[in-house]
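Dear colleague,

Please find below the sequence and structure that I am handing over to you. My findings follow directly after them.

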Amino acid sequence: FDYLTFYRPYKDLYEFSPVSTPPIMSGGKIKYPWLYAKFSAGYPLMPSAEIYVAPRFGNRFSAILSFNHHSLWSDSIGDRMENRVGGDFAYRWNKGEALLDLSYSGNYYTYMNGAESVGCHNYDILEVGTDIRSTNKDNSGFYYDLSLDYTYLKDKQSNPVFGQNSENAFDMELSLGGMIRRIHKLYVALGVDYTGVKNLPSHIDYYAGNVRIIPTYRFEKGRWNLNLGLDMTFDYSNDGLDDSGRSYIMPVVEVSFVAVPTKITLYAGVTPENEILSLSQMYKFNHWMGSDYTLGRYISPFNAKLGMQGVLGQQFAYNIYGGYKHYSKMTSYISYMDAQAVELGSNENFYAGGELRWNKGMFNMFGAIEYQYYKEIKKALMLPSLKVALGAEFNIRDRFYIATGVDYRNRVLAGSRSAGGEYTYNYLPGVVDLGLKLTLMINPKFAVFVEGKNLINNDIYYFSGICEP
């Protein structure tokens, strides 16, 4: 059971690459099963179940139904549970498709003060997503994409200090475009983002959102690809920050050149970022959030990057990159009265890193390294400056698999805030997380496995005051 299912650390903690590394391709057509099931249990007590059902209806209609349960029960680090059911549906026609995604999750996480529970965070999340878009392969055709996502959060936590939250959030985006003379493409994206929160018993209501217009010109010819755009965003909010009524006009420039076909691609760009984190988004990766009436932000009007990537011999893929970000607002998380709270601030960030993947039949390897420098370290809490990940898998006749991986993070600055607004900071030491997984294929449809994580038994913290098993 991979306990990291619970911990999706926040932005930039494990984002190694600003662009997608080219995949190492394998031959043959992938045939997905109509039923997939995975059951496991671990120590400490960690039952887990995953079931996916994909009935076969032909080429036009498809559906995937899912049920997931992951939990951990421990007197020393607290109890954690997530139950999720969902359905992904699609209908396709000659030049388009319609998608519908539905999911519901029930979540339970105890707050801990030492070895003593001080209440629980119990919340439900309902998500509905729709998308209607063109799939016209004719480059001279008209392109459209209309998406609408809605999320409802109901917070039932028992800690009386933070009260209970309910949230309605939606995001709508419409993209239209087409091609001129096969090498020039014009697009325009229109979007509206809104999240509104009600808190009881305080009866404090707050909201945040933005309206955005992004016209884009794309040029594709030979080895050159060029994107030119203008991100025009208007923010509105009443959660006590100075973003309401602020407008941003930010350039978008991205260029890539294939120096050696498939082997070397050079890329560079200047791209902005303006993202509001709803409570439901933050709850998904930081389950111990309290209520301090502030939503998260990532506002970076300037993000410059450059790099080089490619695939050598269909076996070796690489991506090397570096860049600089200026944040007028970035989000990190601080310990607050046995829970977690948003910590916002401006910052400057220099980063550099690389990824390597090697696929040689029975043996696969992966390696990644990234260095991050933040000018204001107290506004980048729990973010390591150095991250290293290594992994390898070896299989014997496609029957017995041995997989191992190690993650290293150097020391991080943790912070806490008292009810009176006083801050204290301390460094947490670097950690090594070693994992091993052994899998035996009984037949092509059934396998058994044993897996261990944190085999060195380190104290691992992704969030201040929250220790992982």
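Pro-44 lies in the loop that runs between strand 1 (35–40) and strand 2 (48–53). The peptide bond leading from Tyr-43 to Pro-44 is cis, and its omega is near -5 degrees. Please bear in mind that this is a predicted model.

Met-382 has a positive phi of about 65 degrees although it is not a glycine. Met-382 belongs to the loop between strand 19 (363–374) and strand 20. With a relative accessible area of 0%, Met-382 is buried, because the term covers anything under 20%. Arg-397, likewise not a glycine, has a positive phi of about 55 degrees. Arg-397 is placed in the loop between strand 20 and strand 21. Its relative accessible area is 77%, so Arg-397 counts as exposed, the cut-off being over 50%.

Strand 20 and strand 21 form a hairpin with 3 residues between the strands. The pairing of strand 20 with strand 21 (residues 400–409) is antiparallel and extends over 10 bridges. Within this pairing, Glu-393 stands opposite Ala-403 of strand 21. Strand 21 also pairs with strand 24 in the antiparallel sense, over 10 bridges. There, Tyr-408 faces Val-432 of strand 24 as its opposite residue.

Which residues make the nonpolar surface patch of about 630 Å²? The patch is made by Met-362, Phe-394, Ile-396, Ile-402, Leu-434, Leu-436, Leu-455 and Ile-456. Strand 20 (386–396) and strand 24 (431–443) are the elements that give two or more residues to the patch. Leu-455, one of the patch residues, is located in the loop between strand 25 (446–452) and strand 26.

I turn now to the interior. In soluble globular proteins, nonpolar side chains tend to be buried together. In this model, the largest nonpolar core has 38 residues. Leu-279, Met-282, Met-330 and Tyr-333 are those with the most contacts inside this core. Several elements give two or more residues to the core, among them strand 5 (96–113), strand 6 (116–134), strand 10 (204–221), strand 14 (273–277), helix 1 (279–285) and strand 18 (339–360). Strand 17 gives the most, with 5 residues; this strand spans 316–336.

Leu-279 and Ser-278 may be examined together. Once neighbours within four places in sequence are left aside, Leu-279 is in contact with Leu-153, Asn-165, Glu-167, Val-197, Tyr-206 and Leu-295. Ser-278 is found in the loop between strand 14 and helix 1. At a relative accessible area of 6%, Ser-278 is under the 20% limit and is therefore buried. With neighbours within four places again left aside, the contacts of Ser-278 are Glu-167, Ala-169, Thr-195 and Leu-295.

Yours sincerely

Key
Residues are numbered from 1 along each chain as its sequence is written. This is a predicted model: local features need pLDDT of at least 70, side-chain atom pairs count only at pLDDT 80 or more; totals for chains, interfaces and linings use all residues. Side-chain values use heavy atoms; hydrogens and water are left out. A nonpolar core is a set of buried Ala, Val, Leu, Ile, Met, Phe, Trp, Tyr and Cys residues joined through side-chain atoms within 4.5 Å. Buried means under 20% relative accessible area, exposed over 50%, partly exposed in between (1.4 Å probe, protein chains only). Helices (H or I, at least four residues) and strands (E, at least two) are DSSP runs, numbered from the N terminus. Contact means heavy atoms within 4.5 Å. Patches are made of residues with over 30% relative accessible area and no salt bridge: like charges are joined within 9 Å, nonpolar side chains (Val, Leu, Ile, Met, Phe, Trp, Tyr) within 5 Å. Accessible areas come from the Shrake-Rupley method with a 1.4 Å probe; for residues, only the protein chains shown count as cover. A salt bridge is a side-chain nitrogen of Lys or Arg within 4 Å of a carboxyl oxygen of Asp or Glu. Two strands pair if DSSP finds at least two bridges between them.
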